[in-house]
Amino acid sequence: NLSNSTGGTFRECSITRYFDTVDYWNKLLGMQIYYQTETEALLGYAENQCKLQLVRAGDGKPVDHAEAFGRIAIACPASELPAIESAVKDAGHKILTPFVSLDTPGKATVQVVILSDPDGHE
């Protein structure tokens, strides 16, 4: 169990396009692979930060997100967002929300790009 071996906080996602999704997060978005088997992988940007655990769904059917929502949010300097958006677009992956500034009442305005990985996780 990865949660016992890493000692850190992580977000688990069930996926069916296992190798495509691992490559997306690792090769396209630059996450390091900390652990990988044929059915699960643990990725992250730094040892002391939250990790993303990808677990291959057993039945091979696409993950049904139904009415569920939730996003994997990763902070980075706003100056990096246009290059990330361009790389994802050039690789043929989905951009759900192109680079935009969002007003957050009472807080600083934030810049975001919302992406979708090969299994539809935002």
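**Contacts, pocket and salt bridges in a predicted model**

His-93 touches Tyr-24, Leu-28, Val-88, Ser-116 and Pro-118, when residues up to four places away in sequence are left aside. The structure described here is a predicted model. In this model, His-93 sits in the loop that joins α3 to β5, the latter spanning residues 94–102. The relative accessible area of His-93 is 26%, so the residue counts as partly exposed, the class between the limits of 20% and 50%. The C-alpha atom of His-93 is 8.0 Å from that of Leu-115, although 22 residues separate the pair in sequence.

Leu-28, one of the residues touched by His-93, also takes part in a second pairing across the chain. Its C-alpha atom is 7.3 Å from that of Ala-87, and the two residues are 59 positions apart along the chain. Ala-87 belongs to helix α3. With a relative accessible area of 33%, Ala-87 is partly exposed.

The overall fold was then considered. The protein contains three helices and six strands. Read from the N terminus, these elements follow the order α-β-α-β-β-β-α-β-β. The protein has 122 residues, and 26% of them are buried.

The pocket analysis gave a largest pocket with a volume of about 840 Å³. Its lining consists of 30 residues, and those nearest the centre are Ile-72, Ala-73, Ile-74, Ala-75 and Cys-76. Two or more lining residues come from each of α2 (18–28), β4 (51–56), α3 (81–90) and β6 (110–116). Of the elements, β6 gives the largest share of the lining, with six residues. By residue type, the lining of the largest pocket comprises 19 nonpolar, five polar and six charged residues.

Charged side chains were examined next. Side chains of opposite charge can pair when their charged atoms come close. The structure holds two salt bridges. One of the salt bridges links Asp-20 to Arg-17, with 2.8 Å between the closest N and O atoms. This distance lies within the 4 Å cut-off, and the pair therefore counts as a salt bridge. Asp-20 has a relative accessible area of 39% and is partly exposed. Arg-17 is likewise partly exposed, at 43%.

The other salt bridge is formed by Asp-23 and Lys-27, whose closest N and O atoms are 3.7 Å apart. This value is also within 4 Å, so the pair meets the cut-off. Both residues lie in helix α2, where a spacing of four residues corresponds to about one turn of the helix. The accessibility of the two partners falls into separate classes. Asp-23 counts as partly exposed, with a relative accessibility of 33%. Lys-27 has a relative accessible area of 62%, which is over 50%, and is therefore exposed.

Technical notes: Residues numbered from 1 in each chain as written. Predicted model: local features only at pLDDT ≥ 70, side-chain atom pairs only at ≥ 80, totals over all residues. Heavy atoms only, no water. Buried < 20%, exposed > 50% of the residue type's maximum accessible area, 1.4 Å probe, protein only. 1 Å grid on protein atoms, 1.4 Å probe; cavity = no way out; pocket = protein on both sides within 12 Å on 5 of 7 lines; lining within 4 Å. Points joined across faces, edges and corners; volume = space filled by probe spheres on them. Nonpolar A, V, L, I, M, F, W, Y, C, P; charged D, E, K, R; others polar. Salt bridge = Lys/Arg side-chain N within 4 Å of Asp/Glu carboxyl O. Contact = heavy atoms within 4.5 Å.
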